[in-house]
Amino acid sequence: MKRTLTLYVIEIFLLPVFGRKADLFVPESKSWISDDGFRIVLKLSFPFSTCCNVLLNDPIEDSMALFSQFRSVYPYEYLLKRSDQKCDGYLLLGSSEKGILRLMKKISPLSWKTEILVIVNNETSDDSDVFNDSSYGMANVNIVSMSGIWKLTENYLKPRGFNKIDRYEEMLHNYDEIDLRGRNLQVYSINRPPMTFLTRTIKKSIDGEQAEVYVMDDYFGWDGIEMQLFLIMADKLNFTWTLRKPDGNYTFGVKINDTMWEGGVIGMVFKNKADIAFGSIWVTYEQNKFIQLSDPWFEVCMHFLVPRPRRRTNFWALTRPFSEEIWELLLLAIILHSLYAYARAWIDPKFPKRFRNFVTTLTELIGWFLNSSVPRTITSNKLQILLWQIAGWLIIAAYCSSLASRLATVEYQNRIDTVEQFLAANLSWGSVGQVPPFHDYFDFTDQSTAQLPRRYQHLENITEWEMWLKNDGHAVLGKIIDTTFFPNDYVPNDYLKNYRVMMNPVGSFHIAFGLQPWLLVPINRIMMRLKETGIVSWQLRDVIRRRDSYNLREVLVEHDRYDGAVQVLGLTPLGAGFSLLFVGFSAATFVFYMELRHTAGSRNIFHVLRTINSKRRSMNKRNAPSPKVCKPDIDLKKCRLNSLDYTNLSDKGRGEFKKRIFSTRNELFNE
């Protein structure tokens with residue numbers, strides 16, 4: 001009796017700690033389970049757990065044989081009479097049904113990973129409360145008693161129940177070949193082309209609540225890449241489904257704090273309202289903290305749709321062959337050379353004195369440089385003028401060849417292919433619905449990318465969105481899947497013509513399904529087989545082939561290249577040349593006017609102009625040759641008609657002259 005009491009004290013005070021099977025030595029009595037059988041029971045009841053919480057209902061001496069057998073067979077560490085939630089394995093050992101149920105209340109939570117082995121050290125009846133499946137939640141449970149062996153059906157079945165089995169080898173729960181036996185799963189999704197194409201919903205009562213349920217005219221109406229993959233999963237796992245729209249205005253939901261997620265497809269899975277969720281769900285750290293995500297099935301790259309480069313017709317097109325630096329150097333060279341000639345004209349008496357006027361010097365040097373005048377060179381500046389003209393020839397040849405090539409081809413604005421160019425172009429971007437999670441979209445360690453959230457504009461509805469797209473300076477966020485771009489929000493085809501895809505992506509993400517934990521293993525297994533067999537790639541290309549449009553492919557094609565068409569010059573590219581011509585004409589007119597004013601003095605300018613005109617006419621008459629005068633007696637064939645002095649003839653001479661004219665005309669006619 002003293003020895004038994006001593007052992008009891010040891011069990012009470014020393015065993016409720018982490019221990020191993022060799023920590024204590026206690027006497028062993030005969031167990032009604034063989035050692036080999038007990039080893040099989042533990043192996044099949046705890047296939048994944050590497051630790052065990054041992055909960056005893058009876059005094060330890062009453063269960064000493066079974067407990068000692070457990071200690072000698074179990075290969076991992078265990079906790080006695082207390083539990084750790086990090087440990088998913090539980091051994092409930094007792095002789096009464098009520099005691100076992102009391103122990104069950106100590107286990108929380110009862111998740112899909114929980115593995116429970118109940119050993120009843122007594123007889124049990126088939127209608128015992130121990131077999132109430134609602135007490136075990138999603139846990140995997142095996143019960144062993146002196147009356148037999150029972151296994152709770154797999155946690156993916158509803159309703160669950162205990163099945164009596166004949167051998168210990170049948171206790172393993174089967175998760176390799178899952179058959180949900182037509183169980184109806186609640187599935188949530190959103191309209192997210194090309195992943196899903198869901199547009200029509202109806203109101204339906206589910207579990208006493210009104211819900212929006214997606215409907216199609218027939219089975220073949222369900223379409224989309226992820227929708228097709230989901231249909232394969234439903235067929236392989238043999239379940240039915242109800243596809244629902246998330247409550248509220250959230251798409252994916254929003255994180256409230258570290259323990260709460262509100263709304264969207266993520267929130268539906270988090271609150272256990274959804275068994276499966278899909279619709280371009282990204283694998284992110286935050287979302288994976290709240291729900292279980294499947295293995296990713298595809299990676300997408302995020303790009304912006306940016307305005308296409310427009311044709312550039314600049315007023316200053318004539319200045320584009322040379323850069324600003326070259327124009328500045330040319331202007332500096334002309335000014336320095338003019339100053340040199342101006343200064344030398346005052347210093348060197350042999351140098352032409354006309355260069356003592358700086359304006360004259362500047363004008364002549366420009367004319368020589370443009371080869372529009374031939375200078376009167378003298379020995380002192382012959383080499384200088386020659387080199388100046390040679391430099392002018394070379395520069396003019398380079399300018400004309402570059403100008404011809406530029407004016408004969410179409411030029412466009414610079415493309416926007418980087419985030420830096422996006423910011424420099426002062427573009428903004430927006431979306432409809434839920435505000436995007438910027439920290440998931442962009443890399444905030446990059447200084448340029450971190451500025452993109454400031455350029456975001458939130459639009460309330462589709463009407464406001466389309467009005468916003470009409471204005472310039474806006475970009476649209478989307479993703480490239482395979483070889484096609486899909487915007488996150490609907491963009492009409494007429495607007496797509498004005499956009500192209502920005503070359504550099506702003507992020508890349510993997511897409512997965514949101515699941516309840518008990519579906520993780522079978523869904524991942526199916527997903528792996530779909531990827532290995534190429535079915536994922538085939539479904540992706542098939543949906544894109546059927547669903548994409550010409551305009552979605554065209555945004556990947558560049559239109560700012562030379563297409564071989566003849567370029568017709570307009571007025572704008574030559575505007576600077578015509579403006580310079582107009583300025584020169586105006587300057588010449590003003591100088592001429594000032595000269596007239598200087599000449600006229602106090603007289604009227606129009607009087608001076610009339611005087612000049614009359615002098616010009618008188619000089620023309622003096623300098624004009626006198627016309628030949630044909631006499632009437634001269635042969636008219638040898639006399640030009642316009643040289644006849646008809647006015648100086650007398651009346652008799654005029655009559656004779658007329659006769660001669662008619663006679664000569666007849667002779668000419670006969671000839």
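This is a predicted model: local features need pLDDT of at least 70, side-chain atom pairs count only at pLDDT 80 or more; totals for chains, interfaces and linings use all residues.
User: OK, at what angle do H8 and H9 pack?
Analyst: Helix H8 (residues 324-347) and helix H9 (residues 358-369) pack at about 125°, and their axes are 9 Å apart. Helices (H or I, at least four residues) and strands (E, at least two) are DSSP runs numbered from the N terminus, and axes are lines fitted to C-alpha atoms, for helices over the stretch in contact, with angles running from 0 to 180 degrees between N-to-C directions.

User: And what does that make H8 relative to H9?
Analyst: That angle makes H8 oblique to H9, given that under 35 degrees counts as roughly parallel, over 145 as roughly antiparallel, 65 to 115 as roughly perpendicular and the rest as oblique.

User: Which residues make the contact?
Analyst: On the H8 side they are Leu-330, Ile-334, His-337, Ser-338, Leu-339, Ala-341 and Tyr-342, and on the H9 side Phe-358, Thr-361, Leu-362, Leu-365, Ile-366 and Phe-369, where contact means heavy atoms within 4.5 Å. By class, the contact of H8 with H9 has ten nonpolar, three polar and no charged residues; Ala, Val, Leu, Ile, Met, Phe, Trp, Tyr, Cys and Pro count as nonpolar, Asp, Glu, Lys and Arg as charged, and the others, Gly among them, as polar.

User: Switching over, how do H5 and H16 cross?
Analyst: The axes of helix H5 (residues 225-237) and helix H16 (residues 535-547) come within 9 Å and cross at roughly 135°, and the two helices are therefore oblique to each other. Ile-225, Gln-228, Leu-229 and Ile-232 of H5 meet Ile-535, Val-536, Gln-539, Leu-540, Val-543 and Ile-544 of H16, a contact with eight nonpolar, two polar and no charged residues.

User: Where is the cis peptide bond?
Analyst: A cis peptide bond joins Pro-193 and Pro-194, with omega about 0°, and Pro-194 belongs to the loop between E8 and strand E9 (201-206).

User: Which strand gives the largest share of the lining of the second largest pocket?
Analyst: Strand E8 (residues 183-188) does, with four residues. The lining has 33 residues, and Met-138, Asn-272, Asp-275, Gln-516 and Trp-518 lie nearest the centre of the pocket.

User: And what is that lining made of, by class?
Analyst: The lining of the second largest pocket divides into 13 nonpolar, ten polar and ten charged residues. On a 1 Å grid over the protein atoms alone, a pocket is an open set of points where a 1.4 Å probe fits, with protein on both sides within 12 Å along at least five of seven lines, and lining residues have an atom within 4 Å of a point.

Methods:
Residues are numbered from 1 along each chain as its sequence is written. Side-chain values use heavy atoms; hydrogens and water are left out.
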